[in-house]
Structures are given as structure tokens and as C-alpha cells.
Amino acid sequence: QVQLVESGGGLVQPGGSLTLSCAASGFTFSSAAMRWFRQVPGKERELVAAVGSRSDDTKFADSVKGRFTISRDNAKNTVYLQMNSLKPEDTAVYYCNARRTSAPVIDGWGQGTQVTVSS
């Protein structure tokens, strides 16, 4: 059973930094791509950052390029989202997602962690 537990959210001032963590269990972590999404009320969940099973394969939403970094530690079954130069528009619930499209298929979600950027 896929389990993903996010942590690290909170309140931060504009320009500040936060690091989100997502601890995974119940599947072969190193075989799955890991992604961070975010969602604000009334809007669709949007992809923020993704990292393939190999840590050198990353991609980012245009809105966070140059400010956010995604990384993974396959020995700790954990994926991170380092967020710098935070803006009020980064305020959202951030979700961790594990995805593998080949057998065994994986598509799991965490419960989300709130990030609020405000002075």
C-alpha cells in the first residue's frame, strides 16, 4: 500500500524559504517518479516539480523555475522540495505524488501540507 507523508509546510514571509519533505513507503521508491503538486481553493491542482527515478531528470513549472529545487534520497525513501524566494502566490496546499506507469503501476498521493506566504 502506497503511503506518502508530507511535512515542512508552514507560514513564511515573502522572500523566505521552506523545505518540504515527503516520506514514502509501501512501494519500491527508487522505481517511481516523484512529483510535487499544489492547489489553491477553486483552482485545479498544478504540477510544480518532478524528478525521475534518476535524480538528474527534473522539471519545473515556469512559475517556480530558478526558485524551487526538487531532490530525492533513494536510501531514505524521501523526496524534497526546496523553495526559495517565496511569493504570496506560492501559497497553496502542496501534495506529494508517486508515479510509475509500467507494471506495477503506482499513482499515490499524500495528504498535503499547507504553505502560506504572507507578511
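Modeller: Gladly! This is a predicted model, and the accessible surface of the chain comes to about 6200 Å². Carbon and sulfur atoms hold 46% of that surface.

Colleague: Why does the radius of gyration agree with a compact globule?

Modeller: For 119 residues the globule rule expects a value near 14 Å, and the chain has 14 Å, so the two agree. Along the principal axes, the C-alpha atoms fill a box of roughly 45 × 30 × 25 Å.

Colleague: What does the secondary structure of the chain come to?

Modeller: Eleven strands and zero helices.

Colleague: How do you know that strand 3 and strand 8 pair?

Modeller: Pairing requires at least two bridges. Strand 3 (residues 18-25) and strand 8 (residues 78-83) share six bridges in the antiparallel sense, so they count as paired. Within this pair, L18 stands opposite M83 of strand 8.

Colleague: In what order do the strands of that open sheet lie?

Modeller: The four strands run 1-3-8-7, with antiparallel pairing.

Colleague: And why are strand 1 and strand 7 said to stand at the edges?

Modeller: Strand 1 (3-7) and strand 7 (68-73) each have a single partner strand, so one side of each lacks a neighbour in the sheet. On average, neighbouring strands of this sheet are turned by 15° against each other, direction ignored.

Colleague: What share of the contacts with a separation of 6 or more joins residues 24 or more positions apart?

Modeller: That share is 53% in the chain, where a contact means heavy atoms within 4.5 Å.

Definitions and conventions: Residues numbered from 1 in each chain as written. Predicted model: local features only at pLDDT ≥ 70, side-chain atom pairs only at ≥ 80, totals over all residues. Heavy atoms only, no water. Helix = DSSP H or I, 4+ residues; strand = E, 2+ residues; numbered from the N terminus. Axes fitted to C-alpha atoms, helices over the stretch in contact; angles between N-to-C directions. Rg over C-alpha atoms; globule rule 2.2 N^0.38 Å. Areas by Shrake-Rupley, 256 points an atom, 1.4 Å probe, with all protein chains shown as cover.
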